[in-house]
Amino acid sequence: MLPGREPIGRATGLARLGPTGRATGLSRVMGTRVAWTGVGDGEFFCPGCGGDRNYQRLTGRRRFTFLGVPVLPRGETGPVVECAACRHHYALDVLDHPTTVRFSAMLRDAVHTVALAVLAASGTRTRTSLSVAASAVRSAGFDDCTEDQLNALVEALAADTGRVLGEPCGAGLAIELHEALDPLAPHLAPTGREAILLQGARIALADGPYTPAERDVLSTVGAALMICADDVTRLLATARTPS
């Protein structure tokens, strides 16, 4: 039972309220009561509170009451998710939304993966492109990311997979991008999805015009972020390197 939890079972009157807004005599005599049972708990993003909160998952049984005493079963209800802070009940699909902490980690990993993919596709990895990539990754949450670290990761990635740097986006790299971006995309506003694509575009443009391999990678990024092909083309055409 959660701390401060009201007694199990909540009565709901069967009759309408009277003219004064108070329950009529019938509703004080007959009603329904739900007995809730906890079946799990955890942390979730509460839409009511607007932040991460603890929750309890509940299932309930309805009972018809007479004079406040449960007398007849009326079936099951729920399951629901109850916020430990605001006590509101939500459908189970509320758990599909990542917590703030989880969302931040997903965003950070997505930007890091896109940066590595674009650098691997460029083939040259100039100091300018590494600097732009490191700045984007640090802004996403990897505060200690350096240009040398990114360069070493791209070299290790190429050695591990046998990928030829500068070649079009292969199946392995496409899978890595989709694994990082697919879970994140539904929780981003359109401007947020575009921002990630534009970050990748600026990394690619840092050392000159797009190469065919860079365009291929950025098209894969756009598809994983649920950006239509026409919008991807438009965004890549309007992207600019940071001043």
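Helix 2 and helix 7 run roughly antiparallel to each other, since their axes meet at an angle of about 160° and anything over 145 degrees counts as roughly antiparallel. The two axes sit 8 Å apart, and the crossing is right-handed. On the helix 2 side, the contact is made by Val114, Ala117, Val118, Ala121 and Ser122; helix 7 answers with Ala213, Glu214, Val217, Leu218 and Val221. Sorted by type, these residues come to eight nonpolar, one polar and one charged. All of this comes from a predicted model.

To step back for a moment, the protein has 243 residues, of which 38% count as buried. Its secondary structure amounts to eight helices and five strands. Read from the N terminus, the order of elements is β-α-β-β-β-β-α-α-α-α-α-α-α.

In general, a pair of packed helices is described by the angle between the axes and the distance between them. Helix 2 passes helix 6 in a right-handed crossing. The residues that meet are Leu107, Val111, Val114, Ala115, Val118 and Leu119 from helix 2, and Ile196, Gln199, Gly200, Ile203 and Ala204 from helix 6. This contact divides into nine nonpolar residues, two polar ones and no charged ones. Val114 and Val118 turn up in the contact with helix 6 and in the contact with helix 7 as well.

As a rule, most residues other than glycine have a negative phi. Arginine 87 has a positive phi of about 70° although it is not a glycine. Arginine 87 belongs to the loop between strand 4 and strand 5 and is partly exposed, with a relative accessible area of 21%. Methionine 226 is another residue other than glycine with a positive phi, in this case near 65°. Its place is the loop between helix 7 (212-224) and helix 8 (229-238). Methionine 226 is partly exposed too, at a relative accessible area of 47%.

Histidine 88 lies in the loop that joins strand 4 (69-83) and strand 5 (89-90). With a relative accessible area of 46%, histidine 88 counts as partly exposed, because that class runs between the 20% limit for buried and the 50% limit for exposed. Setting aside neighbours within four places in sequence, histidine 88 is in contact with Val81, Glu82 and Cys83. The C-alpha atom of histidine 88 is also separated by 7.5 Å from that of glycine 48, a residue 40 positions away along the chain.

How values were computed: Residues are numbered from 1 along each chain as its sequence is written. This is a predicted model: local features need pLDDT of at least 70, side-chain atom pairs count only at pLDDT 80 or more; totals for chains, interfaces and linings use all residues. Side-chain values use heavy atoms; hydrogens and water are left out. A crossing is left-handed if the near helix is turned anticlockwise from the far one by less than a right angle, and right-handed if clockwise. Helices (H or I, at least four residues) and strands (E, at least two) are DSSP runs, numbered from the N terminus. Contact means heavy atoms within 4.5 Å. Ala, Val, Leu, Ile, Met, Phe, Trp, Tyr, Cys and Pro count as nonpolar, Asp, Glu, Lys and Arg as charged, and the others, Gly among them, as polar. Buried means under 20% relative accessible area, exposed over 50%, partly exposed in between (1.4 Å probe, protein chains only). Axes are lines fitted to C-alpha atoms, for helices over the stretch in contact, and angles run from 0 to 180 degrees between N-to-C directions. Angles under 35 degrees count as roughly parallel, over 145 as roughly antiparallel, 65 to 115 as roughly perpendicular and the rest as oblique.
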